[in-house]
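Biologist: Could you put the model up on the screen? I'd like to ask you a few things about it.

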Amino acid sequence: MSAPLLPPIGMLAELTHRCALQCPYCSNPLELLKANRELDTQTWLNLFSQAADLGVLQVHLSGGEPTLRRDLEQFIAGLSGRGVYTNLITAGINVAEGRIEAFAEAGLDHLQLSFQGARQATTDRIGNCRGSHEKKLETARRARAAGLPLTINAPIHRHNIEEVPEFIDLALSLGAERLEIANVQYAGWALANRNALMPDRAAVDHQKDIVAAAQERLAGVINIDFVPPDYFAIYPKPCMGGWARDAFMVAPDGTVLPCHAAQTVPSLRFERFGRLRLAEIWADSPAFNAFRGTDWMQEPCRNCERREVDWGGCRCQAMAIAGDPAATDPACIKSPIHQRMAVLIAETWHTAETTGADGAFIYRRMERTQIA
């Protein structure tokens, strides 16, 4: 029998899909929502209020680029007034003068800033946006001057994996309290760009050694989190802590989801906030209950000693690779198709070498943006 349902403690709010960057690994869906489909200010405020009532303790304000919302200060203040911890996840290139300070004044607890590369050329190329690196450095400095704790997020793939030591130096130089070495997971735009982004095993293993040594050397100086790449794993990660177990996300149009890529499971229908209250969606939505707990599991998950450790892994990855969202995550060594991960790694390199597609990205949006 499954454990009783507990209230969620975390929420990711994707306020908009708009963004000046065009990163080919973006976790946003391939069908991006335009501004006219975004929830209005009052609806978001109502949603945040219901989230606090439900028991949510931490909200991650994300996008796209959340600072493109002119009402962001209102959201931060509303959440802060309810005692909810707020973390702003930003690319840091569209932040007008004075807004970082305004966010801090409104009660922002933490700022997470993404860098596409530790080097200017890499950042500008991956984001397809010239001038972005210097803008990010300035945002980091302003955040620290405003007294905000800072995390540097480094999404790692084939084209910047050699820069991991430089990412560590960058985070230290900016006074960050935390560095997230987050290997790209292949969903959304990253799945469309898998052939161009996949690193090789030697680079991944070398990266692990570098990070482990840095974690030991810099203990007590900076917290370095490492998110390993699923395709090279032995066991899967518990996606979002387990499907609809303790966290959820909301898309810009108010669609409430267990995770970023949940809409890639074609058999599921997801509710939008407004028609139902958040508490009803969390507790009663058939989509949220589809893979919650362990009752849904097939073998080998059903009787595995890790079933309440990784909760079967990623349902969306099972859908993408096994064609069945209820299958064991192929990242798990116990999956009958685990070897397919190694085959896919080899195929990505063969395709890149034979077609010359290495670095030929399908950018998130094809228009080129220049930062003034």
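Biologist: Is L137 buried or exposed?

Modeller: First, a heads-up: this is a predicted model, where local features need pLDDT of at least 70 and side-chain atom pairs count only at pLDDT 80 or more, while totals for chains, interfaces and linings use all residues. Residues are numbered from 1 along each chain as its sequence is written, and side-chain values use heavy atoms, with hydrogens and water left out. Buried means under 20% relative accessible area, exposed over 50%, and partly exposed in between (1.4 Å probe, protein chains only). L137 has 10% relative accessibility, so it counts as buried.

Biologist: Which residues does L137 touch, not counting those up to four places away in sequence?

Modeller: L137 lies in helix α5; helices here are DSSP runs (H or I, at least four residues), strands are too (E, at least two), and both are numbered from the N terminus. Contact means heavy atoms within 4.5 Å. By that rule, L137 touches F115, L170 and L174.

Biologist: Now α6: where do its buried residues sit around the helix?

Modeller: The buried ones are V164, F167, I168, L170 and A171. In general, an α-helix has 3.6 residues a turn, so residues three or four places apart point the same way. Seen down the axis of α6, with the arc taken from the directions from the helix axis to the C-beta atoms, the buried residues fall within 160°, so they line one face of the helix.

Biologist: How do α6 and α9 run relative to each other, parallel or perpendicular?

Modeller: Their axes, lines fitted to C-alpha atoms over the stretch in contact, are 10 Å apart at an angle of about 25°, on a scale from 0 to 180 degrees between N-to-C directions. Angles under 35 degrees count as roughly parallel, over 145 as roughly antiparallel, 65 to 115 as roughly perpendicular and the rest as oblique. That makes α6 and α9 roughly parallel.

Biologist: Last one: which side chain forms a polar contact with that of D253?

Modeller: D253 sits in the loop between β9 and β10, and it is buried at 9% relative accessible area. A polar contact is a pair of N or O atoms within 3.5 Å; within protein, one must be able to donate a hydrogen and the other to accept it, and residues adjacent in sequence count only if both atoms are side-chain atoms. At 3.1 Å, the partner is R272.
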